[in-house]
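Work through the exercises below with the sequence and the model open. Try each task before reading its solution.

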Amino acid sequence: LWGQYLSDQHNGDLQSPGAELLILQMLYETGMRLSSAQSPVAARLLAGRAEAFIVSHLQENLSASQVANALQVSTDYLNRAFRATRGVTTTEWIQQ
């Protein structure tokens, strides 16, 4: 995540709220090495980062796997976090 943050900052792609969510997730993951199944906070942070990415790429025809790849997580992990925190899958949220 730190490499992604530095790359995004260098490229000028780092914007709110995505930047804040990315920093929060890095701090959380540094201090707490828990899986999303054990940590509702990690799931909320990941879902928030996904939402920020989706909103910033609304003009594109995104899929859940593209979002997961951009966030460097598996599609299944992202969908579990999304469903746990938003009540829908990533794909369902994208299509809304």
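**Exercise 1.** Find the element that holds threonine 90, and decide whether this residue is buried or exposed.

Solution. Step one: threonine 90 belongs to helix 6, residues 90-95. Helices here are DSSP runs of H or I with at least four residues, strands are runs of E with at least two, and both are numbered from the N terminus. Step two: threonine 90 counts as buried because its relative accessibility is 0%. Buried means under 20% relative accessible area, exposed over 50%, and partly exposed in between, with a 1.4 Å probe and protein chains only. Step three: list its contacts, meaning heavy atoms within 4.5 Å. Setting aside neighbours within four places in sequence, threonine 90 touches Ile54, Ala64, Leu78, Asn79 and Phe82.

A note on the source: this is a predicted model, in which local features need pLDDT of at least 70 and side-chain atom pairs count only at pLDDT 80 or more, while totals for chains, interfaces and linings use all residues. Residues are numbered from 1 along each chain as its sequence is written, and side-chain values use heavy atoms, with hydrogens and water left out.

**Exercise 2.** Compare two loop residues, threonine 89 and glutamine 72: where does each lie, and is each buried or exposed?

Solution. Start with threonine 89. It sits in the loop between helix 5 and helix 6. Its relative accessibility is 18%, so threonine 89 counts as buried. Beyond four places in sequence, threonine 89 contacts Asn79, Phe82 and Arg83. Now take glutamine 72. The loop between helix 4 and helix 5 holds it. Glutamine 72 counts as exposed because its relative accessibility is 55%. Check the backbone too: phi of glutamine 72 is near 60°, a positive value in a residue other than glycine.

**Exercise 3.** Describe helix 3: what are its length and its cover?

Solution. Helix 3 spans residues 40-56, 17 residues in total. From first C-alpha to last it reaches 24 Å, close to the 24 Å expected at 1.5 Å a residue. The expected span is 1.5 Å times one less than the number of residues. Twelve of the 17 residues are buried, so the helix is mostly covered. Among them are Leu45, Leu46, Arg49, Glu51 and Phe53.

**Exercise 4.** Which residues have the most contacts inside the largest nonpolar core?

Solution. A nonpolar core is a set of buried Ala, Val, Leu, Ile, Met, Phe, Trp, Tyr and Cys residues joined through side-chain atoms within 4.5 Å. The largest one has 15 residues, and Leu46, Ala50, Val67, Leu71, Val73 and Leu78 have the most contacts inside it. Helix 3, helix 4 (64-71) and helix 5 (75-86) each give two or more residues. Helix 3 supplies the largest share, six residues. For one member, trace valine 73: beyond four places in sequence, it touches Leu46, Ala68 and Leu78.
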